[in-house]
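User: I would like to learn how to read a structure feature by feature. Can you walk me through one?

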Amino acid sequence: MNAITRFLIFVSSLLAAPLLSIAQADFAPIGAKWYYDWHGHDYNPVTSIATGTDGYMLQESVADTPIHGITARKLQQTVFARSTTDNSIYSMPYGNMYVYATNDTIWYYNRSLDRFLLLYAFNVQVGDTLKHRAPPELTNSSDTTWKMIVNAVTTENYNGQTVKSVHVNVPLGMQDGEMLKGPYYQYFGQTEGRMGEYAWSYLEEEDYDEFTLRCYQDATFDVHFGNVAIACDSIKMLPTSVEDVDYLSAKLSV
C-alpha cells in the first residue's frame, strides 16, 4: 500500500466518522460553565403582590448520557441565593438539561414529550422559518409550534474567535418575554434567557424565573457579558432587618 492510498483511506475514515463528536466539541463540551443572573418570582393574582429571590444559576456540562440511542450531553443546573435572615448562601438543584448536536443544529430533550426538539439552528439564512414548541401553559396544547423568521445572521469576535449569531422575530401575538429571545450564539446560546426555547422558564401556579447570562467558560472561552469587576458567582447582600431597610432607603434618597 503506497502513501497516497494510505492518505485516501485516512481521509475517508474522517468523512465517515459521526458528526456528533465534532459538533459536541463545539457546543457544551465537558467542563463548560454558564453563569446566569437568576430572579425567581412568585406572583399572587389575588393580592397582585409579587415576591422574588435574586442570585445566580450555574449550569455545567458534566457527562455524556444515552437517550433513545443518542449520545446527549448532560447539563446540570444549580441555583445559589442568600438567606434573608443571616445572608448565608444556600444552594438547591434546579434540574438537568440534555442536548446534542448534529452538523449546525442543537437539539434538547423534552421530558414531557419524550423526544428531542429544536433548540438552536445555525445553518440558516435570512428569511428562513424556524419552528419551536409553544409552552402548553400559553396554548393549552401539548405540542403546538411557534413559527419564527430569521431576521439576520451575523458574526462577532470573542477571545479571537469568530462566533455566529442568529436573530429571530417574535411570533404574532406573543410578548417578547414569553419565548426565545434572539440572538443566540454558537458555543454559549442565548444571553437573554437561560439556554432553552424561552426567556422565562414556566412553572405552575404563576411562578416564573428570569435569566441573563453573566459568564461563559470552557477550555477556549472565558467571556464575561456583564460588569467585569463583578465576579461570575457574586450575590448581592440583602437587608436583614427593618433598620437595614430604613438605612438603605435613606441612603438611596440622598
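Predicted model: local features only at pLDDT ≥ 70, side-chain atom pairs only at ≥ 80, totals over all residues.

User: How many helices and strands does the chain have?

Analyst: The chain has four helices and 14 strands. Of its 254 residues, 36% are buried. The accessible surface is about 14100 Å². Carbon and sulfur atoms contribute 54% of that surface.

User: What share of the contacts comes from residues 24 or more positions apart?

Analyst: Take the contacts with a separation of 6 or more; residues 24 or more positions apart supply 46% of them.

User: Is β6 enclosed or open to the outside?

Analyst: Count its buried residues. Strand β6 covers residues 115–121, and six of the seven are buried, so it is largely enclosed by the rest of the structure. In a regular strand, side chains alternate between the two faces of the sheet.

User: Where does A72 lie, and is A72 buried or exposed?

Analyst: A72 is in strand β3, residues 70–82. Its relative accessible area is 0%, so A72 is buried. A72 and Y108 are 36 residues apart along the chain, and their C-alpha atoms are 8.4 Å apart.

User: On to charges. How many salt bridges are there?

Analyst: The count is three.

User: Which residue forms a salt bridge with D37?

Analyst: R214, with the closest N and O atoms 2.4 Å apart. D37 sits in β1 (residues 33–44) and R214 in β13 (residues 207–217), so the pair ties together parts 177 residues apart in sequence. D37 is partly exposed at 24%. R214 has 13% relative accessibility and the cut-off for buried is under 20%, so R214 counts as buried.

User: Which parts does the D54 and K236 pair tie together?

Analyst: These two side chains meet in a salt bridge at 3.4 Å, N to O. D54 lies in β2 (residues 49–67) and K236 in the loop between β14 and α4, so the pair links parts 182 residues apart in sequence. K236 is exposed, with 55% relative accessibility. D54 is partly exposed at 28%.

User: And what is the N to O distance between R73 and D64?

Analyst: It is 2.8 Å in their salt bridge. R73 is buried, at 8% relative accessible area. D64 is partly exposed, at 42%.

User: Last, cores. Which residues have the most contacts inside the largest nonpolar core?

Analyst: First the general idea: in soluble globular proteins, nonpolar side chains tend to be buried together. Here the largest nonpolar core has 39 residues, and W34, V99, F188 and M195 have the most contacts inside it. Strand β6 gives the largest share of this core, five residues.

User: What is F188 in contact with, leaving aside neighbours within four places in sequence?

Analyst: Its contacts are F27, W34, Y158, V163, M195, L213, Y216 and F225. A second, separate core has seven residues, among them Y35, Y56, C215 and C232.

Notes:
Residues numbered from 1 in each chain as written. Heavy atoms only, no water. Helix = DSSP H or I, 4+ residues; strand = E, 2+ residues; numbered from the N terminus. Buried < 20%, exposed > 50% of the residue type's maximum accessible area, 1.4 Å probe, protein only. Contact = heavy atoms within 4.5 Å. Areas by Shrake-Rupley, 256 points an atom, 1.4 Å probe, with all protein chains shown as cover. Salt bridge = Lys/Arg side-chain N within 4 Å of Asp/Glu carboxyl O. Core = buried A, V, L, I, M, F, W, Y, C linked by side-chain atoms within 4.5 Å.
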